[in-house]
Amino acid sequence: MDDTIGGSGRTLEQLSAYFDAGRSPRVAAIEEDAECRAMLASMERLSRLTRALVVEESGAVDAGWVDRVLAVVRDEVRAGRDLPLEAIDDRTETTVTEGALRELVRRAGDEVDDVLVGSVELRIDDAPALHVRVTIGVRFGSPMRARADAVRAAIGAALAAHAPAPVREIDVVIDDVFDAGVLDA
């Protein structure tokens with residue numbers, strides 16, 4: 001199995017070292033690769049949440065927890081299958097990867113105030129129709145149902161323009177409530 005991320009030829013450990021160095025000096029092969037940029041964005045979210053957790057708990061973060069989060073991140077930034085988009089003509093084929101759709105869903109959800117997206121799962125059935133399941137954390141005190149509805153609407157709007165199949169359902173699961181300082185860290 002190839003452990004490199006995208007077409008950059010870099011491993012997760014190398015991307016992590018690059019991130020820890022403040023993405024400097026700039027490495028074009030990393031910065032121009034969509035999967036690498038998605039991984040770096042996930043590392044930034046993880047870093048922000050970890051800093052906030054450390055402040056909140058005033059102690060060390062369990063290394064096992066970080067490893068589990070990185071494993072989920074690694075799985076989610078993989079390109080996955082190529083999903084065909086509507087053909088313009090018989091001579092061309094346009095596809096979108098599952099990884100690109102997951103990142104589109106994640107960004108749409110993260111743009112909703114007081115929300116952090118956790119996991120993103122996509123499934124295409126035989127119809128074909130797209131089924132989406134996301135887990136989110138909601139800031140303490142924010143109305144949960146309203147945040148879930150806003151996430152569902154944002155994801156639906158984003159996928160309407162880019163999904164390779166009609167969206168059949170968008171399930172939003174609230175699996176965390178976080179303190180106000182998490183998003184401000």
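This passage describes the overall make-up of a predicted chain and then two of its helices, H6 and H1. In this predicted model, local features need pLDDT of at least 70 and side-chain atom pairs count only at pLDDT 80 or more, while totals for chains, interfaces and linings use all residues. Residues are numbered from 1 along each chain as its sequence is written, and side-chain values use heavy atoms, with hydrogens and water left out.

The chain holds seven helices and seven strands; helices (H or I, at least four residues) and strands (E, at least two) are DSSP runs, numbered from the N terminus. Read from the N terminus, the order of elements is β-β-α-α-α-α-β-β-α-β-β-α-β-α. Of the 185 residues in the chain, 36% are buried, where buried means under 20% relative accessible area, exposed over 50% and partly exposed in between (1.4 Å probe, protein chains only). Among contacts (heavy atoms within 4.5 Å) with a separation of 6 or more, 57% join residues 24 or more positions apart.

H5 and H6 pack with their axes 8 Å apart, at an angle of about 140°; axes are lines fitted to C-alpha atoms, for helices over the stretch in contact, and angles run from 0 to 180 degrees between N-to-C directions. To this contact H5 brings Leu 101, Leu 104, Val 105, Ala 108 and Gly 109, and H6 brings Val 151, Ala 154, Ile 155, Ala 158, Leu 159 and His 162.

Turning to helix H1 (residues 12-20), Leu 12, Leu 15, Tyr 18 and Phe 19 are buried. These residues cover an arc of only 120° around the axis, which puts them on the same side of H1. Exposed Glu 13 and Asp 20 sit on the face of H1 turned away from its buried side. Just after H1, Gly 22 takes a positive phi of about 75°.

Note on methods
The expected span of a helix is 1.5 Å times one less than its number of residues. The arc is that of the directions from the helix axis to the C-beta atoms.
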